[in-house]
Amino acid sequence: MEVLGLKISYKEKRARVTIVFLLILLGGFILAWGNNKLKELGKKDSAVRATRVELSKVKRIDGIYPLGWLDEENIIVKKENKSKGIVEKDEGLKGYPTNIYKYNLKTGEENLLIESDQDIEYAVVSPNRKYIFYVEASELTGTGYIYNLANNKRVQVTEEQEIPIGIGRWADENSVIFFSYTKGGVFTASLTGHRIEIVPKAQVFMRDPIRVVDKVYYVSDQYKLYRYDTATKERKLLLDDIAEFIPSPKGLTFAHVALARKSIDIRDEKGEKKLHIYDGGGVGGFSWSPCGNKLAYLVSSSSQKGDTLFIAHISSGKSAKLAENLPQSFPYIFWSPSGKKILVPAYEKNDDKHKFIALIIESE
């Protein structure tokens with residue numbers, strides 16, 4: 001199969017083990033991470049000013065692949081569902097389907113949450129914790145569904161194999177937003193599956209679009225940030241060479257990381273810089289706290305000593321080190337609903353195999 005000029009076979013996909021690397025291919029993380037050969041981290045780091053910080057306790061859970069918080073005590077993970085038996089997969093291969101489970105952090109108990117004969121490669125919980133948007137995948141594209149946690153029923157909200165894996169997020173509590181690879185535009189879909197095209201086709205790959213009121217922001221395959229006004233139908237180029245542009249919970253400000261991933265700052269809806277957060281290289285995943293007054297971000301070390309997690313206080317712009325020497329982390333992290341804990345998906349490589357890890361870090 002060929003996506004965006006990249007020919008990737010099923011065997012190659014499985015050899016990479018984790019969908020994170022597929023997200024890297026689709027979302028532009030290759031240049032973001034691969035081109036950034038880090039210089040001495042922290043040597044000229046003027047942004048990380050708070051140094052006398054008691055590092056939080058880190059709870060490590062080996063052997064699980066975390067996808068986010070379900071509630072304060074449970075996370076969702078993906079794993080093989082052996083009760084389904086062996087099923088046919090791509091290119092004539094067979095295996096157990098990957099499904100979604102609920103994992104209790106206190107007891108370690110796992111319970112099957114979303115069952116399918118197909119591999120579920122991506123899932124994200126709604127803001128009100130009542131629904132899960134997930135994607136059943138085939139190679140690099142998939143079909144999106146909304147799962148109702150109250151009645152255990154699902155609604156298909158995309159066409160078959162319409163969206164790239166890793167694409168799709170909640171626009172609000174009642175709808176999801178996604179880029180259609182087959183149609184070229186951006187759509188929203190309601191809890192009942194009703195779809196509306198909100199951004200027309202633009203001859204570019206619109207990576208993981210985000211809606212803030214009547215504006216839609218997306219990064220193209222040329223790493224350019226665009227803003228589309230759904231009211232005026234105006235499309236405007238805001239920034240070049242961008243890796244991430246994610247709004248705060250209230251949508252008033254945006255966390256911005258440039259393509260080289262050397263720094264992170266806060267910008268307004270026009271892309272203009274308002275607050276400097278960090279400059280030193282190796283910026284990885286980041287996430288806004290639920291209240292929007294903090295920003296957690298990961299920094300990769302050039303010395304191979306592991307990743308470091310920082311918390312930036314938006315009111316002051318100052319950052320504090322929360323945890324260090326973490327195993328290599330995926331390019332995303334998650335705050336718990338209360339904002340008191342942070343989930344960091346990570347992995348370690350042993351004998352060419354990836355061992356998945358969930359790190360739970362107290363933020364207070």
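In this predicted model, the hairpin made by strand 16 and strand 17 has six residues between its strands, and among the residues of this hairpin Gly184 takes a positive phi near 90 degrees.

**Strand 16 and strand 17**
- Strand 17 covers residues 186–190 and runs antiparallel to strand 16, to which it is joined by five bridges.

**Strand 16 and strand 15**
- Strand 15, which spans residues 169–172, pairs with strand 16 in the antiparallel sense over three bridges, and these two strands form a hairpin with two residues between them.
- Within this pairing, Arg169 stands opposite Ile177 of strand 16.

**How strand 16 is covered**
- Strand 16, made up of residues 175–179, is mostly covered, with five of its five residues buried.
- Ser175, Ile177 and Phe179 point one way from the strand, while Val176 and Phe178 point the other way, and all of them are buried.

**The nonpolar cores**
- The largest nonpolar core has 27 residues, and Leu225, Ile264, Ile277, Phe286, Leu295 and Tyr297 are those with the most contacts inside it.
- Strand 23 (residues 242–247) gives this core its largest share, which is four residues.
- Leu225, once its neighbours within four places in sequence are left aside, is in contact with several residues, among them Tyr217, Leu238, Ile242 and Phe245.

Terms used. Residues numbered from 1 in each chain as written. Predicted model: local features only at pLDDT ≥ 70, side-chain atom pairs only at ≥ 80, totals over all residues. Heavy atoms only, no water. Buried < 20%, exposed > 50% of the residue type's maximum accessible area, 1.4 Å probe, protein only. Pairing = 2+ DSSP bridges. Core = buried A, V, L, I, M, F, W, Y, C linked by side-chain atoms within 4.5 Å. Contact = heavy atoms within 4.5 Å.
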